Amino acid sequence: MIYNNVYSWKTILSEEIQKTYFKKLANKLKSTYADPNAKIFPLKTEIFNAFKLCDINTVKVIILGQDPYPTAGHAHGLSFSVSKHIKPFPKSLNNIFKALSVDLNQVPPEHGDLTHWASQGVLLLNSVLTVAEGKPDSHKGIGWEKFTDAVIKKLSNEKVHLVFLLWGAKAQAKKVLIDTKKHYVLMAPHPSPLSAYRGFFDCKHFSKTNEYLAKNRISMINW
């Protein structure tokens, strides 16, 4: 299903954001961000960048991450992506670019901002959308997972011919939320240096994604 232009993420997720758990999450984040001693990433205005930069009408691919980079200046609301000025790249992102080079023989980009993927219909979605500085998984279990699981279910139920890239065990656990008869699910080890050597570099997910999109007469991603 392709939504008419009158639809938006807010429309599709309106019931979800009215639920008690989400209201509690919103209140917790409001107080946390208001604390001058708390260092939370990304910026409050960038928490929902994955949705702002990838319209629901154009979603073709979903890349699932875990939670934002816990280093100051890195996270900006897109999974695996960093702000343009960040050098060197985080190791996972660097490995993604290595896999891209192996797959499509592309020269790695000069910056790690993946906004150009999002603008083409790649939803760069973390399971948890906020994190405390220096503390990975610090916002695990406060409600984000319920929300992002609902996003995945909505996309699976309401659309067809989506490509889900599930890298690592945590992302792969989300496969149960996806109707694999309607969508294409690709799985590989996480791009982290701890696991990328187990098959991530030659997974060819970028070319496989474009082959599937082309087969279904959907415009391909310019990676």
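In what order do the elements of the protein run from the N terminus on? I read them off as α-α-β-α-β-α-α-β-β-α-β-α-β-α. I took helices (H or I, at least four residues) and strands (E, at least two) as DSSP runs, numbered from the N terminus.

I noted that this is a predicted model, where local features need pLDDT of at least 70, side-chain atom pairs count only at pLDDT 80 or more, and totals for chains, interfaces and linings use all residues. Residues are numbered from 1 along each chain as its sequence is written, and side-chain values use heavy atoms, without hydrogens and water.

Next I looked up burial. I found that 51% of the 223 residues count as buried. Buried means under 20% relative accessible area, exposed over 50%, and partly exposed in between (1.4 Å probe, protein chains only).

Then I turned to the rings. Rings of Phe, Tyr and Trp (its six-membered ring) pair if their centres lie within 6.5 Å; planes under 30 degrees apart are stacked, over 60 edge-to-face, the rest tilted. I got 17 aromatic pairs.

I checked F48 and W144. They pair edge-to-face, 5.8 Å centre to centre, with 70° between the planes. F48 sits in the loop between β1 and α3 and W144 in helix α6, so the pair ties together parts 96 residues apart in sequence. F48 is partly exposed at 30%, while W144 is buried at 1%.

I also checked Y184 and Y212. Their centres are 4.8 Å apart and their planes at 25°, so the pair is stacked. Y184 lies in strand β6 and Y212 in helix α8, so parts 28 residues apart in sequence are tied together.
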